[in-house]
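Welcome! Please take a moment to look at the sequence and the model, and then we will walk through them together.

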Amino acid sequence: MDIIVTKWIGLSATVWLAAEKREQLRERFPESFLRMADDLGKWLPDSAGDAAEKELLDSAGDASEKEPPESTGNASDESFCVEDTEEIRLAETSAEDAEEIRLAETSAEDAEEIQLAKMAGENVLALGRGGIFAGLWKMAEQFGCGIHADLRAIPVRQETIEFCEFFDLNPYRLESFGSCLIFANDGSKMLETLKENGIPAERIGRTTDGNDRILMNEDRVMYLTRPQPDEMEKIS
């Protein structure tokens, strides 16, 4: 299957940072650049924006009360829990009790690409907490497949890149409400449908037999590991 990402990773986090951390960002970026980040909000379904704001505010509140957890290279036991009992299909997951997944799915109900993927009979997951890396892991786990993806093909806005450098965040683990991950049997047709409906999307790789989850960065081979805490947990 072809692996497709709609819009851009880190979308909701970028919009939130532009609004809530504006004074800090003004130390480096002109107002015209920050307004470009504001404008990305038009790509967020209303419920995605609400869900993202709630999650980010909750995360910021938690960070102010306790020190952020250290990154150990492994996912926490409570984060990104996905049961292996049911295939992800048409924006459904079996992890009904995982809050971050619930919010991502709820926010995606208004996303046009979800409806388009449903009509095409393709497999789709709304991105949310943990970003694109978490989404790729969840989908690969559900399908029991490997992945071969190109990091350079993953769509990301320059505003997101700049904000991540400013706050020392990893864009691939950054909250991405408003974007979707599609595992498409006919990637070319799915991309054409998305384009016809004005939805930016990129093919970033393919699923493979076996369990290797490979991420290429030019000639460098990396392996996808279990999701780690969302990068927004670093923000206080």
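Helices and strands here are DSSP runs, numbered from the N terminus: a helix is H or I over at least four residues, and a strand is E over at least two. Residues are numbered from 1 along each chain as its sequence is written, and side-chain values use heavy atoms, with hydrogens and water left out.

How many helices and strands does the protein have? There are nine helices and seven strands. Of the 236 residues in the protein, 53% are buried, where buried means under 20% relative accessible area, exposed means over 50%, and partly exposed lies in between (1.4 Å probe, protein chains only). A contact means heavy atoms within 4.5 Å. Among contacts between residues at least 6 apart in sequence, 83% join residues at least 24 apart.

Before going further, a word on confidence. The predictor's confidence in each residue is its pLDDT, which runs from 0 to 100. The protein averages 79, and 72% of the residues score at least 70. Over residues 47–54 pLDDT stays under 50, and the model has 15 contacts for them beyond four places in sequence. Residues 59–109 also stay under 50, with 98 contacts beyond four places in sequence. Where pLDDT is low, the predicted coordinates should not be read in detail.

Now let us turn to helix α1. Is this helix mostly covered or mostly uncovered? It is mostly covered, since eight of the 10 residues of α1 are buried. Among them are Leu 11, Val 15 and Trp 16. Thr 14 also lies in α1, which spans residues 11–20, and Thr 14 counts as buried because its relative accessibility is 1%. Setting aside residues up to four places away in sequence, Thr 14 touches Ala 37, Leu 40, Glu 159, Thr 160 and Phe 163.

Some of those partners lead us to helix α8. The axes of α1 and α8 (residues 158–167) are 10 Å apart and pack at an angle of about 60°; such axes are lines fitted to C-alpha atoms, for helices over the stretch in contact, and angles run from 0 to 180 degrees between N-to-C directions. The crossing of α1 and α8 is left-handed, a term used if the near helix is turned anticlockwise from the far one by less than a right angle, with right-handed used if it is turned clockwise. On the α1 side, Thr 14, Leu 17 and Ala 18 meet Glu 159, Thr 160, Phe 163 and Phe 167 of α8. By class, this contact has four nonpolar, two polar and one charged residues. Here Ala, Val, Leu, Ile, Met, Phe, Trp, Tyr, Cys and Pro count as nonpolar, Asp, Glu, Lys and Arg as charged, and the others, Gly among them, as polar.

Helix α3 (residues 31–39) packs with α8 too, at an angle of about 115° and with the axes 9 Å apart. The crossing of α3 and α8 is left-handed. Phe 33, Leu 34, Met 36 and Ala 37 of α3 make this contact with Gln 158, Glu 159, Glu 162 and Phe 163 of α8.

Another pair to find is α6 (residues 112–120) and α9 (residues 187–196), whose axes come within 11 Å and cross at roughly 140°. That angle makes α6 oblique to α9, because angles under 35 degrees count as roughly parallel, over 145 as roughly antiparallel, 65 to 115 as roughly perpendicular and the rest as oblique. Their crossing is right-handed. Glu 113, Leu 116, Ala 117 and Ala 120 of α6 are in contact with Met 190, Thr 193 and Leu 194 of α9.

Next, look for Ile 132 in helix α7 (residues 131–143). Ile 132 is buried because its relative accessible area is 0%. Beyond its neighbours within four places in sequence, its contacts include Val 5, Ile 9, Tyr 172 and Leu 181.

Most residues other than glycine have a negative phi. Glu 218, in the loop between β6 (213–217) and β7 (220–223), has a positive phi near 60°. Glu 218 counts as exposed, because its relative accessibility is 54%. Asp 168 also has a positive phi, of about 60°, and is found in the loop between α8 and β4 (180–184).

Key:
This is a predicted model: local features need pLDDT of at least 70, side-chain atom pairs count only at pLDDT 80 or more; totals for chains, interfaces and linings use all residues.
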